[in-house]
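Okay, thanks for having me.

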Amino acid sequence: MLGVLSSSFSATALIHEYRNLLPYSGVPQSMEQRDKQGNLVIPAVYIDMGAWHGFHLPNDPAYYGSFTGPLFIAQEYSLHLSDSLQRLKLRNLQTGDYLDLASAPIEHIYSEPQGLVQQFQWADVALETRLQYSDSRTAIITTTLTNLSDSPQQWQLTWSGQPFNRHPHLPKHAVIAQSEMSENQVQWSFTSIDETWTMQLDDAQYQLLFEQDTQITLDQSHGYQAQSQPLALAPKQQLTLRSAQRYFHQSQERDAYGSIDWHRASMLIDQNQQRWSSRFKRLMKGGALPQRRLAAKSMVTLIHNWRSPAGAIKHDAVTPSVTYKWFNGVWAWDSWKQAVALAQFDTELAKSNVRAMFDYQFTADDKVRPQDAGNLPDAIFFNRDTSRGGSGGNWNERNGKPPLAAWAVWQIDEASQSSDFLIEMYPKLVAYHQWWYRNRDHDGNGLAEYGANNHPAHLKEDKPNREAIIEAAAWESGMDNAPRFDDVAGIQVLENLDDTGQLLGYSLSQESVDLNSYLYAEKQFLAKIAQRLALPSEQQHWQDEANQLAQLIQTAFYDAKTGFFYDRRFNKQKDYLMIAQGKGVEGWLPLWAGAASEEQAQTMVARHITPERFGTRLPFPTVSADNPAFAATKYWRGPVWLDQTLFALKGIERYGYGALTKKLARQLVDHAEGALVQAPIRENYDPLTGHGLHCTNFSWSASVFLLSYSRWLH
């Protein structure tokens, strides 16, 4: 029923400082509008609490008072359901006229970390609409009308909306199978569609519910109109109406969430506001406002990319980007980096992100790949792949990803100061670590290689498919098209066999300096975890292994003449450092891990942090600027990827270059396009110009900006 509210959530100084962090404004024109790179045309979408649907702010006066969209994730693809499913009109019943919201002398349309807000004020009346989430399937829209005059007023609110019913590239499918109305509710049931690379829907449903009594009519095109009861406002009185938009993938979800409880929704919104306040208190450490706003934008980006359990995703997890077409899944090494950042403000979400990947750790009794016991998929999505009984095309088990899980778990423990998570994860981390030496150390010399799993995609006419295996090995490194993985004559594909001669998988004839540095760091973290868990013999075991590996890294991967670390190729005749392929950012990983000698680190810093090499406008390009293969905008052949920059910065700091580290960190933030203004965080950046490249709203870039603030920018 209608109620009188006191003022809405108070606009504290903190909230004011962190308004309008991202550009949410725009009106969808079709179900899917993307730029040439695959990003949604509207730069950002507001989502909270792990929901699978989100909203924008209007940039067209015709849509004022309404939140545009919604965006909904059709299991693995972000699409728009409408231009605005709940367009608002306000009618003065005393004059019969509709109030033009664009005529308001005072107008504020803005975002806050915990919601979207629109405010319009005239001499005699004020209107506010506010969107916030109460749970992972429900967005609440609160509409507040205030009589500012000394006379009674009568108003009526009308909402209307029309869903898009065809995808521009799938005209044969009518997306809406049925629209229905019931008491104060409209619901749209979606057609079951299985278009693997565009849209996947089962018995999904979108609901619009009104708390107060409304008169609803439907049209034959699945559109609707809803009218409130006449609203009588006494002088200075404020009235509030609420509605909810809910999105469910399947009927089981609808049944699990049940009908909406409006009183409980209010409590949940209050709890979420407190959660946001707690996050800011944990994250913010002072410093200039632009740097604090960057940290806040990074946190908000991670929260927008958070998905709650659905389909095959069993735990809350952060995806790389909700605005890029292919990134509505959960990747392994993305998860480790994201978890380290999440631990700065939400340790439970950080833990959940790690668990989401380890839910699919392979075991010895796995029906698909028992030979990979201990390892994890590269990426998991809403739909499993066909080998696991699903219909997904994005799920990937062709390769693993670099071993950074122990780092993530340790950092989470440092933030939470509770050993429970260590107890849970330690045996899983041990199995994960051991897999590398069983399945990716071809010659058993203690130096691992990137490679590919035993997978049907790696066979062609029942023989190893060289091109596919090298592709998967490059994916396993995370540096997909780096020059060191070019398919050239010097690189061989090697079969790794178990003691019985059964194929385990494949290695490249290339021992990689980054991989072995990651493994060295893992041994150190496993030793720390074992110490925390009072396992002294295991602590000593991991420390001994780490010491041995450090010696190998210092001697096998370092070239004294050029003063840099390189990958190492080997064959039956010889092995050699890949100096001819040029320097790559992977050469800085021994410093991050602490495996380099003091002399090696000093030489690298002295020689290679120059504008002609790794000291570019944005520091630490993926390929040194003097490398013949350097290409400033070509993915892993030149652009700055912020995770690698973070590793390099922490590496040089580790060896005593604190002032230089802070200088380079500020250089990164100052010159990365859009970092300090209202713009999305990008996947990578041109090292020469700072121009943002490829995907928008990228989680691990956000993670690095957040960690950089926490370490160097406050």
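Let's start with residues 330-701, a stretch that is 41% helix and 12% strand. Its end C-alpha atoms sit 15 Å apart. Where does that span come from? UniProt lists residues 330-701, in an unreviewed entry, as "domain: Mannosylglycerate hydrolase MGH1-like glycoside hydrolase". And before I go on, please keep in mind that this is a predicted model.

Now the other annotated piece. UniProt, again in an unreviewed entry, puts "domain: Glucosidase YgjK N-terminal" at residues 26-255. Here we have 2% helix and 49% strand, with the end C-alpha atoms 33 Å apart.

Okay, zooming out. The protein chain has 16 helices and 34 strands. How compact is the protein chain for its 714 residues? The radius of gyration comes out at 27 Å, close to the 27 Å from the globule rule, so the chain is as compact as a globular protein of that length. If you want its extent, the C-alpha trace spans about 95 × 55 × 50 Å along the principal axes.

Next, a bit of sheet. Strands β2, β3 and β4 make an open sheet, in the order β2-β3-β4, with antiparallel pairing. Which strands stand at the edges? Those are β2 (53-56) and β4 (78-80); each has a single partner strand, so one side of each is left without a neighbour in the sheet. From one strand to the next, the twist averages 30°. As a reminder, strands of a sheet pair through backbone hydrogen bonds, either parallel or antiparallel. Between β2 and β3 (residues 68-73) there are three bridges, and the two strands run antiparallel.

Most residues other than glycine have a negative phi, and most peptide bonds are trans. But glycine 69 and proline 70 are joined by a cis peptide bond, with omega about 15°, and proline 70 is found in strand β3. The other one is histidine 222: not a glycine, yet its phi is positive, about 75°. You'll find histidine 222 in the loop between β16 (214-218) and β17 (224-228).

Last stop, a helix pair. Helix α4 (residues 289-304) packs against helix α16 (residues 699-713) at an angle of about 145°, and their axes are 8 Å apart. The crossing of α4 and α16 is left-handed. On the α4 side, the contact residues include Leu294, Ala295, Met299 and Leu302, and on the α16 side they include Ala702, Phe705, Leu706 and Tyr709. What classes of residue make up the contact of α4 with α16? Nine are nonpolar, five are polar and one is charged.

That's my tour, happy to take questions.

Note on methods
Residues numbered from 1 in each chain as written. Predicted model: local features only at pLDDT ≥ 70, side-chain atom pairs only at ≥ 80, totals over all residues. Heavy atoms only, no water. Axes fitted to C-alpha atoms, helices over the stretch in contact; angles between N-to-C directions. Helix = DSSP H or I, 4+ residues; strand = E, 2+ residues; numbered from the N terminus. Left-handed = near helix turned anticlockwise from the far one by under 90°. Contact = heavy atoms within 4.5 Å. Nonpolar A, V, L, I, M, F, W, Y, C, P; charged D, E, K, R; others polar. UniProt positions renumbered as here; feature names shortened; annotations may be inferred. Pairing = 2+ DSSP bridges. Rg over C-alpha atoms; globule rule 2.2 N^0.38 Å.
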